[in-house]
Amino acid sequence: MKRRMLGLLAAVTLASTALSACSSGNDAPAGGSADDPVSLRIAWWGSDSRHAYTQQVIDLYTSKHPNVKIDVEYASFDDYWKKLAPQAAAKQLPDIVQMDISYISQYAKNGQLAELEPYLNNQIQVGDVSESVLGTGLLGGKQYGIPIGVNVLGFHYDPELLKKGGIDSIPADWTWEKYEEMARQTGSKGLYFDSGFAPDIFFNYYLRTKGETLYNEEGNALGYDDDKLFTDFFRIQADLVKEKALRSPDYLNQIKGVLEESDLVKGTGIGVFQWSNQFVGLQKAAARPLALAPMMGPDMEKGIYMQPSMYWAITNNSKAKEEAAKFIDFWVNDVEANKIIKGERGVPISSAIKEAIAGELDEPVKQVFDFVSEMEPKASPMSPPPPTGSPEVIAALADLIEELNFGRITPEQAAASFRKTASEVLAANK
Amino acid sequence: MLKRNTALRNDLTGYAFISPFVIGFLAFTLIPMFISLYLSFTSYNLFSAPRWIGLDNFVKMFTGDPKYMNSLRVTFLYVFVGVPLRLMFALFIAMLLNNGSRLIGTYRTLFYLPSIIGGSVAVSIMWRNIFGSEGIVNSALIAIGLGPVSWFGDPNAALGMLVTLSVWQFGSSMLIFLAGLKNISPEMYEAAGVDGAGPARRFFRITLPLLSPIILFNLIMQTISAFMTFVPAYIISKGEGGPMDGTMLYSLYLFRQAFMFNNMGYASAMAWVMLIIVGIMTAVLFFVSKYWVFYESEGGR
């Protein structure tokens, strides 16, 4: 009897030690010379189609490098960051992470990301990448990310519906006044001109055309002093919503995040203001020919910039940084891989790749490439990446704009409230 | 000596048997709780080391964060409207089922189903569609001439939508009520019937008093779980608590602070305040129960 008890006790103790051993068992040894088995973890966010082709690229890579094993982690944009933060705290980040412009400074400043300087033109060839594009991965003069592709803001629309709304074409140098006029005109014919502006992105664009920025250079305060800029910009759409020329936030809330439900896809809306890499997905969902137009001005050239759609970054807790760098090089410079990617993550940064795959592209992708090439010489340099705390600032702005578009507060109240909240959050960076 | 040895060994055996629980409790509950208590006095963004800031988090909560006060208001509204409605509905269904029908098992399972699946993502998505501007609820409202309600535009309507979802998950309270109802002896009703008491009188004079301990139990359990509601608010508002923070329940705001803005210290402080609030609520319910709960075994008051 007693013996049996002791045996049980031993079994329980054993089980519990085994349990604790499990948790520390996943630090697979990695690194070393070229042909040693290496295992890498890579994480990205995106849609299903992105998950599928990214896996294809990874399979292609591992078939060429049989010693490398790559584990993947992917999620939607929101979930991705919720997963990544605890991993960062636990020093368990994947070797390669896809970084967004609004998060990269937070991760870099807190020492999560490796400096990539030593790998440039060693493992990662960047000879075909223009300085200004590569420079978007610089933070405080140090390279923390390799941009994967570049995007530019624009208006993506259905030319047929535009005609139905009584407008022949988007004028070459259109202005905000012209935009309001057109939105009212199509609105009166039951066609919504657009689906609203992502507040932070387009407010920043508007500020740039006026020579200001959303955040200051140091990232510890707002970059504009005159709240009139805020009220001028946000009044435009608030008025249009009030006049029912644009959809109410109530409706937009319901269809948020579901492309198939958007007005453009359903044929009740003419266009969408968004980044160029979102064009292809939109076109696929709509299954009609769409077109791209530049942003409205005045001073559109001062406002637009080539923004990296996302970066690849190597984390500091990676034990196989060189191998990780090799994979990034493959992504940037391999023709075969880019024929699979087809510019879905933005127009490739390497000019050689851009040329090599130009003939392979479907019509909508080619439209995007052409649009980006057309905008590239006009664009101004990018503002520094948004500072730490920017997600909170952006959320506060989005909440206020929602209240504004519902008509609960005035633009002046929103401006003051935004300045107060944003200043408090950003002051933490001082 | 030998005896002591045996006693020790017996103790160890006991500990061995409860060790899975104890280890789990320590590793996943107690230690994290103390860490979160510590973090609630710090500013911590997950990346750099926590920085001690004393009571600043708590001060900010009650003096400098209107969104926090709003989330408290929304949560209290949700609890004080949702829980009584859910309990009434559960009791109503339980009384319907307490009639000795042979299909009772089937019905019981059917009515319990929403409680099992109600917290799931799929149901919350379905709820979004049911309450959409062209959804079945608005169609019904139009059909009876009440006009459409902007469920995603009006903060109070959006909270109402959450409350209906919570009422719909009445299953577990219903089962407990049903068990309680079966414990009330039929003789009482017979005797009351002979004395000429109608159904309403029987309900208020017999059913409710005899069921009151069970009502108390359900009330406490449901109140606690209602304070912690998260998934429906998260899914229905796509994680943003909208429209205009109308569905920004406490736990959702806590989640946003913790995992969207990485304000772990502030979120920990919020969690502790929540614990205190729930503790106070429970204490109040127990205290007040003296005046309305009737225990048969104590022969009444």
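Which side chain meets Arg50(A) in a salt bridge, and what is the N to O distance? I looked this up first: the partner is Glu344(A), at 2.8 Å. For a salt bridge I take a side-chain nitrogen of Lys or Arg within 4 Å of a carboxyl oxygen of Asp or Glu. Arg50(A) lies in helix 2 (residues 48–64) of chain A and Glu344(A) in the loop between helix 15 (335–341) and strand 11 (347–348), so the pair ties together parts that are 294 residues apart in sequence. Helices (H or I, at least four residues) and strands (E, at least two) are DSSP runs, numbered from the N terminus.

Ground rules. This is a predicted model, where local features need pLDDT of at least 70 and side-chain atom pairs count only at pLDDT 80 or more, while totals for chains, interfaces and linings use all residues. Residues are numbered from 1 along each chain as its sequence is written, chains are lettered from A and ligands numbered from 1 in the order written, and side-chain values use heavy atoms, without hydrogens and water.

Cover on that pair. Arg50(A) counts as buried at 6% relative accessibility, and Glu344(A) as partly exposed at 24%. My cut-offs: buried is under 20% relative accessible area, exposed over 50%, partly exposed in between (1.4 Å probe, protein chains only).

Helix 7 (residues 176–188) of chain A holds Glu181(A) and Lys178(A), 3 residues apart, about one turn of the helix; their closest N and O atoms are 3.6 Å apart. Arg184(A) and Glu180(A) also lie in helix 7 of chain A, 4 residues apart, and their side chains meet at 3.6 Å, N to O. Glu180(A) is buried at 18%, whereas Arg184(A) is partly exposed at 34%. I also noted a network of salt bridges linking Lys64(A), Asp334(A) and Glu336(A).

Strand 7 of chain A. Strand 7 runs antiparallel to strand 8 (residues 271–275), with 5 bridges, and antiparallel to strand 9 (residues 291–293), with 3 bridges; strands pair if DSSP finds at least two bridges between them. His156(A) has Val272(A) as its bridge partner in strand 8 and stands opposite Leu292(A) in strand 9.

Asp245(B). I found this residue in the loop between helix 11 (231–236) and helix 12 (250–260) of chain B. Asp245(B) counts as buried at 8% relative accessibility. Beyond its neighbours within four places in sequence, its contacts (heavy atoms within 4.5 Å) include Asp399(A) and Lys67(B).
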